[in-house]
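Hi,

Here is the structure I promised to pass on.

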There are 2 protein chains.
Amino acid sequence: MRSQTATMADVAREAQVSPTTAARVIHNRGYVSDENRKRVLEAVESTGYRPNLQARSLRMQRSYSLGLVLSSARENPFYTHISHAIRTAASDRGFSMLTVNHSYSPEAEVNGIKQFLEHGVDATILCHALENKNIQPLIQAGIPVIQVERHDIEQAYFVAIDPDPGMRAAVKTLADEGHRRVAFIGARATGLKDGGPGHAEQRRAEAFQQAVSLYGLDEQDCPVVLGEYFPRSPNDILPGRRLATMLLDDHRCAVTAIIAGSDILAAGILQVLYERGLKVPSDISVIGYDDSMAQFLSPALSSIAQPYLAIGDSVMAFVEEAVGQDTSSAKTRERSVSTSLVLRDSIGPAPGSF
Amino acid sequence: MRSQTATMADVAREAQVSPTTAARVIHNRGYVSDENRKRVLEAVESTGYRPNLQARSLRMQRSYSLGLVLSSARENPFYTHISHAIRTAASDRGFSMLTVNHSYSPEAEVNGIKQFLEHGVDATILCHALENKNIQPLIQAGIPVIQVERHDIEQAYFVAIDPDPGMRAAVKTLADEGHRRVAFIGARATGLKDGGPGHAEQRRAEAFQQAVSLYGLDEQDCPVVLGEYFPRSPNDILPGRRLATMLLDDHRCAVTAIIAGSDILAAGILQVLYERGLKVPSDISVIGYDDSMAQFLSPALSSIAQPYLAIGDSVMAFVEEAVGQDTSSAKTRERSVSTSLVLRDSIGPAPGSF
């Protein structure tokens, strides 16, 4: 028996169980014996039963949809990877995702949050929010908010990303190859303009300075250059170009390696090195951050990788706690995940060191 | 008067109009005078009224959500741009978007289509479907299907992308710079495994051959090399590397320029040229296709650009026709949009030609 319009009663009849048992299996709540669960699932399959999600949403006061706020992956491919990871983790757990790619327009953020409220999302995930006040309607409506990497909204759950493990591995690898003069080219902090301090970029620069000191390099020989993060439109010049030009033109800083605060900064740095005829890695080593498009660059770029899968899982653990599906674990407001170093073709021995 | 729970009746009272008039403005249907429309919109603003989208969906038999099927932008940044364009066009018209990034897993496609059916999407957009039979449940349920670039499902609306304008501009630009030996490195056709011929890749290779003949180049000197499109996982070697190595090692094909069938193929080609010490554009010119990440490469890559905005608008024109919101225009099953050439730093005179 297969029909486009099978009901839960059809499933119960086919499985030879009570409607209550069928409902328990289909909604995954309450005790059901393994044998009965198996029969109901087989009957779902054989009848072609599909839950009516709209009716189910109204009944359970849940929409099984989530909101996601980030900037556009057109300007920064990091967002491709983080949204893919979070969307996949959500989909695996039966949630669909509404996305706002604000591209730094507060108006787009406001409109997106309105859509989230209209759709009745169960929770909202902020990878990069612009203004605290735009988020407040969600908080006032009692919708759980989860922040990733930046924590500048007091009421939000927080997935912290620890830059230290990846940064330590990067600096240690360079030191082991004989590099003593290593620069960090990073981004100036871009927290919420009206929120608390949520400066992910600053944490990366601090992680660099701590690693430099940890592996015995001289701070004086390891400059930190900070500027814009990424282009505001797809056809802007890459900010890494300006920063690399500044660094290379300053002869006090004759570095043999550069760690970039993002792959997109590294892409601009590689363009300048290419134009100047400096070969990577024989003349200079380069390491990116995010591992978002490192494999496409020339040479294929070593990069400090974001733990995308772990971020997706941590976000969904908060969602399930917050919407009350998982009451087994102790409540926590913060989870931390770790970066690591992915090696490709852009690291070599310091020139003249071997 | 501002409240989280303002009703349409509150809006009517505040605007001093009848509930029918308020409903007409809010649902944008039927005649309302400009004066009354203005008062209702001001009252919506001042009361903080938000339409209850779930209730509205049930009443209007529409979910105001759409489904989008594509592969993952992690493997091919083209999908970042096309999904951004379609999502933005949808959002501008009040539709939210559910997305399936199948990453070439038919199982992921099947599960995604199931989610679309459960959510009751109003239409589904296929940028890259895997199997005709996976799409059939949508067709059977009467849900409009719109295909972009590939047209291999008979019942689908079709947004055709014309490769000729961009390809002609690319070949003409190279010919004007004195290039006589130009290679095309493209992808083998990847249509639906059980659908009609929907070979977007083949159309790009044909467009190249036609442009070669149009601008008087000798077909014998302009080889076409076809292979895999893009890596199956983020850490695979780039397919463009293998194809470029093949081309450069075949001494019958001493080309001075390469047009790639995608930016991702161009990225692999640039890696091989980098390793061999061939400088772009002084030794060899390179042009990509898609304009999906061309600005991040070294050197910044000229690329045949997909008309992303026009694709988004054409898709939504079909959606609005199909769901019956726009009955003014004559019905059409196919709309065509055109590519163009974006110039950056990777095209120069043919070596020795000036």
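Let me start with the fold of chain A: among its contacts (heavy atoms within 4.5 Å) between residues at least 6 apart in sequence, 71% join residues at least 24 apart. Do keep in mind that this is a predicted model, where local features need pLDDT of at least 70, side-chain atom pairs count only at pLDDT 80 or more, and totals for chains, interfaces and linings use all residues. On bookkeeping, residues are numbered from 1 along each chain as its sequence is written, chains are lettered from A and ligands numbered from 1 in the order in which they are written, and side-chain values use heavy atoms, with hydrogens and water left out.

Chain A has 12 helices and 12 strands, taken as DSSP runs (H or I, at least four residues, for helices; E, at least two, for strands) and numbered from the N terminus. Of its 354 residues, 57% count as buried, meaning under 20% relative accessible area, with exposed over 50% and partly exposed in between (1.4 Å probe, protein chains only).

Now the two chains together.

The largest nonpolar core has 60 residues, and Ile185(A), Leu273(A), Ile185(B) and Leu273(B) have the most contacts inside it. A core here is a set of buried Ala, Val, Leu, Ile, Met, Phe, Trp, Tyr and Cys residues joined through side-chain atoms within 4.5 Å. Leaving out residues up to four places away in sequence, Leu273(A) touches Leu248(A), Leu278(A), Val280(A), Ile284(A) and Val286(A).

Most residues other than glycine have a negative phi, and most peptide bonds are trans. The bond from Val280(A) to Pro281(A) is cis, with omega near 5°, and Pro281(A) sits in the loop between α11 and β9 of chain A. Tyr64(B) has a positive phi, near 50°, and is buried at 5% relative accessible area. Tyr104(B) also has a positive phi, near 65°, but counts as partly exposed at 22% relative accessibility.

Cheers
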